[in-house]
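Here is a friendly walk through one protein model, for someone meeting it for the very first time. Have a look at the sequence and the fold, then read on.

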Amino acid sequence: MDSKKIHIHKLISVVLALTFVLMCFTLGGCKSKTGDQTNADPEISTDDFQDVFAPDEDPKTEETDPSESESTQTTEPQGAEPSEQQSTAAPTTTKAAGTTASGGKHDSTTTTEAAKPEVTGTKTLTSGNKTVVYPKALETSSKRYPVIVWANGTGCPTSTYMSLLEKFANAGYVVVADSSVMTADGTSQRNSIDFIIKEAGNSSSVFYSKIDTQKVGASGHSQGGRSCVNAAQADSRIKCIVSIAGASSADEAKGLKAPTLYLTGTSDMVVVSSQWVKPSYDATVGRAVYASLKGAVHTTCMTNPEKLSDYCISWFDAYLKNDSTAMAVFADGGKLATDSNWQDFASKN
């Protein structure tokens, strides 16, 4: 790319960022939560980090009722979907018939559905520039949990996305969000991976031996979606991506191999799909799916995360938990392709 093209590309990025910030403040999309939601991001100093991340010693604090209120270090899922409030009966492992995510036949000898996580509510811990949202069951569980590293959109703090991140955590993921609101180059997400891996090896941490370091996914919104693409291009630890209204370019996504779900909205006038999201999908060489939510604007994932969270979780279940039922959701003729709330479905590889 010559210097003139680089200059134009940077200018467009600046204009896009400024437009998004203006829209966020106009819609109130990036305002912090109020009232009983303010405990989503408790302020904990770095000096308190070891104590906060240490497992609780009192077993009475480990109740599994998601409706029970927690201290200021705990957040419960807001507006959980009916599927997130089911019984915590012992999970079973089954095989799904039909097609794979790419439309081919399942290999019943190698692909199985992952066990469903026990739903117990979530807890939130913050230290420095990292906020971690995780299943409350982790504290007493002996299993290792997959990770999602989150990147914020331009000018929008992590608190803006807490409802969505809690849904991810309630589905059995440890979600690590960096506080940066200028995330495009992917550095903050790569640092988040380093952070949680370090905690997994720290005997004083609640995450000690509880993290599956081989199962890391990345997700983000707007500039955060661009971050996912750039982080995955530079870091093979990222196994799959969910980019929500991502502002990545075709040049950045060129050659991308990590399985990537590109979600956008038909009414998004900030990151227009035809200019950013669809070209990124077209440039991806690995497994990729694209779909546009009817009527969704740029901030829908903040204001109505339930409209897309199930598909985000299914993508992570498919590629971090080897869940064949989740893979089938994205097959040609599958659930997403036939969902009347979505349009322009595209799938490849």
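How far apart are the end C-alpha atoms of helix 5, and what should its twelve residues span at 1.5 Å a residue?

## Helix 5 and the ground rules

The end C-alpha atoms of helix 5 (residues 223-234) are 17 Å apart, which agrees with the 16 Å that twelve residues should span at 1.5 Å a residue. The expected span here is 1.5 Å times one less than the number of residues in the helix. Helices (H or I, at least four residues) and strands (E, at least two) are DSSP runs, numbered from the N terminus.

A quick word on what you're looking at: this is a predicted model, where local features need pLDDT of at least 70, side-chain atom pairs count only at pLDDT 80 or more, and totals for chains, interfaces and linings use all residues. Residues are numbered from 1 along each chain as its sequence is written, and side-chain values use heavy atoms, with hydrogens and water left out.

Back to helix 5: ten of its twelve residues are buried, so the rest of the structure largely encloses it. Buried means under 20% relative accessible area, exposed means over 50%, and partly exposed is in between (1.4 Å probe, protein chains only). Among the buried ones are Gln223, Arg226, Cys228 and Asn230.

Step back to the loop between strand 5 (211-221) and helix 5, and you'll find serine 222. Serine 222 has a positive phi of about 60°, even though it is not a glycine. Most residues other than glycine have a negative phi. With 3% relative accessibility, serine 222 counts as buried.

Histidine 298 counts as buried, at 1% relative accessibility.

## Aspartate 178

Now hop over to strand 4 (residues 174-178), where aspartate 178 sits. Its relative accessible area is 5%, so aspartate 178 is buried. The side chain of aspartate 178 makes a polar contact of 2.7 Å with the side chain of lysine 130. A polar atom of the aspartate 178 side chain also lies 2.8 Å from the backbone nitrogen of serine 180.

Leaving aside neighbours within four places in sequence, aspartate 178 is in contact (heavy atoms within 4.5 Å) with residues including Trp150, Asn152, Thr158 and Ser192.

## Cores and a cavity

Where do the nonpolar side chains gather? The largest nonpolar core has 39 residues, and Tyr134, Val147, Val174 and Phe207 are among those with the most contacts inside it. A second, separate core has 36 residues, including Val133, Ile244, Leu263 and Cys312. A nonpolar core is a set of buried Ala, Val, Leu, Ile, Met, Phe, Trp, Tyr and Cys residues joined through side-chain atoms within 4.5 Å.

The largest cavity has a volume of about 90 Å³. Of the 14 residues lining it, the closest to its centre are Ile244, Ala245, Thr264, Val297 and Leu308. Strand 7 gives the largest share of that lining, three residues. On a 1 Å grid over the protein atoms alone, a cavity is a set of points where a 1.4 Å probe fits but cannot get out, and lining residues have an atom within 4 Å of a point. Grid points are joined across faces, edges and corners, and a volume is the space filled by probe spheres set on the points.

## Helix 9 and beyond

Helix 9 has twelve residues and reaches 16 Å from its first C-alpha to its last, close to the 16 Å expected at 1.5 Å a residue. Ten of those twelve residues are buried, including Tyr311, Trp315 and Phe316.

Just after helix 9 comes asparagine 322, with a positive phi of about 55°. Asparagine 322 lies in the loop between helix 9 (309-320) and helix 10 (324-329), and counts as partly exposed at 35% relative accessibility. Valine 329 and serine 314 are 15 residues apart in sequence and 7.4 Å apart in space, C-alpha to C-alpha.

Conventions:
A polar contact is a pair of N or O atoms within 3.5 Å; within protein, one must be able to donate a hydrogen and the other to accept it, and residues adjacent in sequence count only if both atoms are side-chain atoms. On a 1 Å grid over the protein atoms alone, a cavity is a set of points where a 1.4 Å probe fits but cannot get out, and a pocket is an open set with protein on both sides within 12 Å along at least five of seven lines; lining residues have an atom within 4 Å of a point.
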